[in-house]
Amino acid sequence: MNNVTLIGMPGCGKSTIGVVLAKVLGYRFVDTDLLIQERESMLLHEIIREKGTEAFARIEEEVNAHVQGNKMVIATGGSVVYGQKAMEHLRSISTVVYIRLPLAELEHRLGNIRRRGVLLREGQTLTDLYEERCPLYEKYAHIAVDAMGMNVEQLMDEIVKRLDS
């Protein structure tokens with residue numbers, strides 16, 4: 001397979017590392033959150049606010065289930081793992097890499113997660129989200145990389161090394 005898909009919690013660095021990884025591999029970078037915003041002509045948090053979480057989840061699954069191409073690094077939204085059809089598609093066209101970070105580090109990085117367009121149900125906390133999603137990331141990943149304590153360069157090197165092995 002000559003595509004790489006990055007999954008993980010919001011704030012784990014999927015978009016940041018994705019751009020660098022794409023340059024190093026000579027691949028195109030695709031951020032599915034941006035594809036969703038483009039398609040809907042709204043920011044993620046506006047889609048969630050105006051159309052609701054269920055509609056956002058449907059849109060996200062549809063967009064991710066139709067990503068096509070060769071030699072791409074695909075950065076997904078953190079909630080992509082809720083869409084089975086999307087994840088099966090991404091697994092079939094790419095190597096799925098889970099960027100793993102501890103909850104405390106994510107809390108430190110994120111600040112206001114609702115403003116980032118994070119899919120939270122009413123009353124749901126970041127801890128709830130973490131506990132709900134981590135098993136899904138593990139389930140769908142071909143490779144899991146612990147990113148704690150790594151800078152962008154080190155994380156990129158580790159992912160490239162794991163892709164080659």
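This report describes the sheet, the helices packed on it, and the salt bridges of one predicted model.

Residues are numbered from 1 along each chain as its sequence is written, and side-chain values use heavy atoms, with hydrogens and water left out. Because the model is predicted, local features need pLDDT of at least 70 and side-chain atom pairs count only at pLDDT 80 or more, while totals for chains, interfaces and linings use all residues.

**The sheet**

Helices (H or I, at least four residues) and strands (E, at least two) are DSSP runs, numbered from the N terminus. Two strands pair if DSSP finds at least two bridges between them. Five strands make an open sheet with parallel pairing, in the order E2-E3-E1-E4-E5. Strand E2 (28-31) and strand E5 (143-146) are at the edges with a single partner strand each, so one side of each has no neighbour in the sheet. On average, neighbouring strands of this sheet are turned by 20° against each other, direction ignored. Axes are lines fitted to C-alpha atoms, for helices over the stretch in contact, and angles run from 0 to 180 degrees between N-to-C directions.

Strand E1 (residues 4-7) runs parallel to E3 and is joined to it by three bridges. Thr 5 has Ile 74 in E3 as its bridge partner. Helix H5 (residues 84-93) packs on the sheet, where it touches E1, E3 and strand E4 (95-100), and its direction makes about 115° with that of E4. Contact here means heavy atoms within 4.5 Å. Helix H2 lies across E2 and E3 and runs at about 60° to E2.

**Salt bridges**

A salt bridge is a side-chain nitrogen of Lys or Arg within 4 Å of a carboxyl oxygen of Asp or Glu. The whole structure holds eight salt bridges; the table lists some of them.

| Side chains | Distance (N to O) |
|---|---|
| Arg 39 and Glu 62 | 2.7 Å |
| Arg 100 and Glu 138 | 3.0 Å |
| Arg 109 and Glu 105 | 2.9 Å |

In the salt bridge between Arg 39 and Glu 62, Arg 39 belongs to helix H2 and Glu 62 to helix H4, so the pair ties together parts 23 residues apart in sequence. In the salt bridge between Arg 100 and Glu 138, Arg 100 is in strand E4 and Glu 138 in helix H7 (residues 126-140), so this pair ties together parts 38 residues apart in sequence. Arg 109 and Glu 105 both lie in helix H6 (residues 103-110), four residues apart, about one turn of the helix.

Buried means under 20% relative accessible area, exposed over 50%, and partly exposed in between (1.4 Å probe, protein chains only). Arg 109 is partly exposed at 35%, whereas Glu 105 counts as buried at 18%. Arg 39 is partly exposed at 42%, and Glu 62 is partly exposed at 38%.

**Glu 40**

Glu 40 lies in helix H2 (residues 32-40) and counts as buried because its relative accessibility is 15%. Leaving aside residues up to four places away in sequence, Glu 40 touches Ile 47, Lys 51 and Ile 59. The side chains of Glu 40 and Lys 51 are joined by a polar contact of 2.5 Å. A polar contact is a pair of N or O atoms within 3.5 Å; within protein, one must be able to donate a hydrogen and the other to accept it, and residues adjacent in sequence count only if both atoms are side-chain atoms. A network of salt bridges links Arg 39, Glu 40, Lys 51 and Glu 62.
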